[in-house]
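Please open the structure in your viewer and keep the selection panel at hand.

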Amino acid sequence: MSRFYIPGLVFVLLIVEGTLFQLMTPTHTDSVLVPRFLIVMVVLIGLHFGRQSSLFYGLAFGFCYDIVYTQLLGVYAFGLAFIGYFFIFFSKRIQDSLLIQLMLVLSAILFFEYYQYGLYLLIGLTDLPASTFAIERLLPSLILNSAFAILIYYPARKLFEHVKKQANLRAR
């Protein structure tokens, strides 16, 4: 049963990120809060379970996000899978350091935001200047997602430890 906890949590975050969070954000401000809860979880999963798990979760849930919420297939699937693969190269060395893990999560969010912005700018889906993008969208999103990463870090770590422990018990 514990093997379904992590996919269930990531699925709930997919729903919260795409629907419920949009209802809770204020609409009267110039800044845009973009939740990237899936990126936070994909990086944390990769740090605790390895590159293959992170790549799988990034690809699977990125593709689900593309199908449900976007008009352009593959942007989230490729971006989350790339983050799941690339940002986990040094996972064994930084697994115990909270600060470095949070910096890695924030750098993954920063990469994804610029990846998405550059791609949409390239194909003409946005005409937002880079300075406006950085001030009105990137900075508030980094603050929101760093707060989420700090809040979810210890509960997610305990969940990952529980799932690992249960998997070891099943393997015996």
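Select Y57 and F61: both belong to helix α3 (residues 51–69) and stand 4 residues apart, about one turn of the helix. Helices here are DSSP runs of H or I with at least four residues, and strands are runs of E with at least two, numbered from the N terminus. The model is a predicted one, in which local features need pLDDT of at least 70 and side-chain atom pairs count only at pLDDT 80 or more, while totals for chains, interfaces and linings use all residues. Residues are numbered from 1 along each chain as its sequence is written, and side-chain values use heavy atoms, with hydrogens and water left out.

Y57 is buried, at a relative accessible area of 13%, and F61 is buried as well, at 11%. Buried denotes under 20% relative accessible area, exposed over 50%, and partly exposed the range in between (1.4 Å probe, protein chains only).

**Aromatic rings**

Next, select F112 and Y115. Their ring centres are 5.6 Å apart and their planes meet at 50°, so this pair is tilted. Rings of Phe, Tyr and Trp (its six-membered ring) pair if their centres lie within 6.5 Å; planes under 30 degrees apart count as stacked, over 60 as edge-to-face and the rest as tilted. F112 and Y115 share helix α6, 3 residues apart, about one turn of the helix, and both are buried.

Under this rule, the structure holds 18 aromatic pairs. Return to Y57 and F61 for one of them: with centres 6.1 Å apart and planes at 5°, the two rings are stacked.

To view a cluster linked by ring pairs, select Y65, Y69, Y76, F78, F82, F86, F87, F111, F112 and Y115.

**Charges over rings**

Select R51 with Y85: the charged end of R51 sits over the ring of Y85, 4.9 Å from its centre. The criterion is that NZ of Lys or CZ of Arg lies within 6 Å of the ring centre and within 35 degrees of the ring normal. Then select K164 with F49, where K164 lies over the face of F49 at 5.4 Å from the ring centre.

**Helix pairs**

Display α3 together with helix α4 (residues 75–86). These helices pack at an angle of about 165°, with axes 7 Å apart. Axes are lines fitted to C-alpha atoms, for helices over the stretch in contact, and angles run from 0 to 180 degrees between N-to-C directions. α3 and α4 are therefore roughly antiparallel. Angles under 35 degrees count as roughly parallel, over 145 as roughly antiparallel, 65 to 115 as roughly perpendicular and the rest as oblique. The crossing of α3 and α4 is right-handed; a crossing is right-handed if the near helix is turned clockwise from the far one by less than a right angle, and left-handed if anticlockwise.

On the α3 side, the contact residues include Y57, F61 and Y65.

**Single residues**

Is T25 buried or exposed? At 17% relative accessibility, T25 counts as buried.

Move to E113 in helix α6. E113 is buried, with a relative accessible area of 1%. Leaving aside residues up to four places away in sequence, E113 touches V34, R36, F133, R137, L138 and S141.

Finish at L106, also found in helix α6 (residues 98–123). L106 is partly exposed, with a relative accessible area of 24%. Beyond residues up to four places away in sequence, L106 touches L142 and S146.

Note on methods
Contact means heavy atoms within 4.5 Å.
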